[in-house]
Amino acid sequence: MNSTIHTVIGTAAQDGRIIAIESPINGLGPSFSFGGPFDTWWRSAFAAFWGLVIIGCLVFCLGSILKLRSTSDNPHAHKQGQEALKISSIALGLSVAFGVLVTVVFYIAG
């Protein structure tokens with residue numbers, strides 16, 4: 001059996017063909033349209049939640065900056081402040097770029 005598979009793969013590679021399986025979902029994609037008032041409601045709720053996440057990350061980032069500034073005498077606390085600032089900055093950047101990231105994922109998947 002192993003030699004049969006090797007022969008089939010070798011023949012396909014020599015011919016330049018790629019063996020592909022037909023998609024079982026046949027063109028179906030994600031759809032977030034529920035219609036009517038619910039459609040506008042969930043979009044508004046999602047936008048409000050996203051805004052709250054961005055505000056929360058901004059507050060965490062500003063708190064990290066204040067923590068870093070107030071710990072100039074203690075090297076260990078200063079290092080903890082740097083780590084908190086790094087994590088909060090990454091979280092803020094990802095939450096702001098969330099729309100672009102989701103769009104790219106849907107573009108690649110679709």
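Modeller: Here is a quick tour, from the overall fold down to a few serines.

Colleague: What should I know before reading it?

Modeller: This is a predicted model, so local features need pLDDT of at least 70 and side-chain atom pairs count only at pLDDT 80 or more, while totals for chains, interfaces and linings use all residues. Residues are numbered from 1 along each chain as its sequence is written, and side-chain values use heavy atoms, with hydrogens and water left out.

Colleague: How many helices and strands in the protein?

Modeller: Four helices and zero strands. The pattern along the sequence is α-α-α-α. Helices are DSSP runs of H or I with at least four residues, strands are runs of E with at least two, and both are numbered from the N terminus.

Colleague: What share of the residues is buried?

Modeller: Buried residues make up 12% of the 110. Buried means under 20% relative accessible area, exposed means over 50%, and partly exposed is in between (1.4 Å probe, protein chains only).

Colleague: Which residues of H2 are buried?

Modeller: Asp39, Cys57, Cys61, Ser64 and Leu68. H3 is included in what covers them.

Colleague: What span should H2 have, and what does the model give?

Modeller: The 35 residues of H2 should span 51 Å at 1.5 Å a residue, and the end C-alpha atoms are 52 Å apart, which agrees. The expected span is 1.5 Å times one less than the number of residues.

Colleague: Let's take Ser64. What does Ser64 contact, leaving aside neighbours within four places?

Modeller: Gly81, Ala84, Leu85 and Ser88. Contact means heavy atoms within 4.5 Å. Ser64 sits in helix H2, residues 36–70. Its relative accessible area is 3%, so Ser64 is buried.

Colleague: Which backbone oxygen lies 3.4 Å from a polar atom of the Ser64 side chain?

Modeller: That of Ala84.

Colleague: And Ser88, buried or exposed?

Modeller: Buried, because its relative accessibility is 0%. Ser88 lies in helix H3. Beyond neighbours within four places in sequence, Ser88 touches Phe60, Cys61 and Ser64.

Colleague: Where is Ser95?

Modeller: Also in helix H3. At 8% relative accessibility, Ser95 counts as buried. Setting aside neighbours within four places in sequence, Ser95 contacts Trp50, Val53, Ile54 and Cys57. A polar atom of the Ser95 side chain lies 2.9 Å from the backbone oxygen of Leu92.

Colleague: Switching topic. At what angle do H3 and H4 pack?

Modeller: About 60°, with axes 4 Å apart; H3 covers residues 75–96 and H4 covers residues 98–109. That makes H3 oblique to H4. Angles under 35 degrees count as roughly parallel, over 145 as roughly antiparallel, 65 to 115 as roughly perpendicular, and the rest as oblique.

Colleague: Which residues make the contact of H3 and H4?

Modeller: Leu94, Ser95 and Val96 from H3, with Phe98, Gly99 and Leu101 from H4. By class, that contact has four nonpolar, two polar and no charged residues.

Colleague: How many residues of H4 are buried?

Modeller: Zero of its twelve, so H4 is hardly covered. H4 should span 16 Å at 1.5 Å a residue, and its end C-alpha atoms are 16 Å apart, which agrees.

Conventions:
Axes fitted to C-alpha atoms, helices over the stretch in contact; angles between N-to-C directions. Nonpolar A, V, L, I, M, F, W, Y, C, P; charged D, E, K, R; others polar. Polar contact = N/O pair within 3.5 Å; in protein donor to acceptor, adjacent residues only side chain to side chain.
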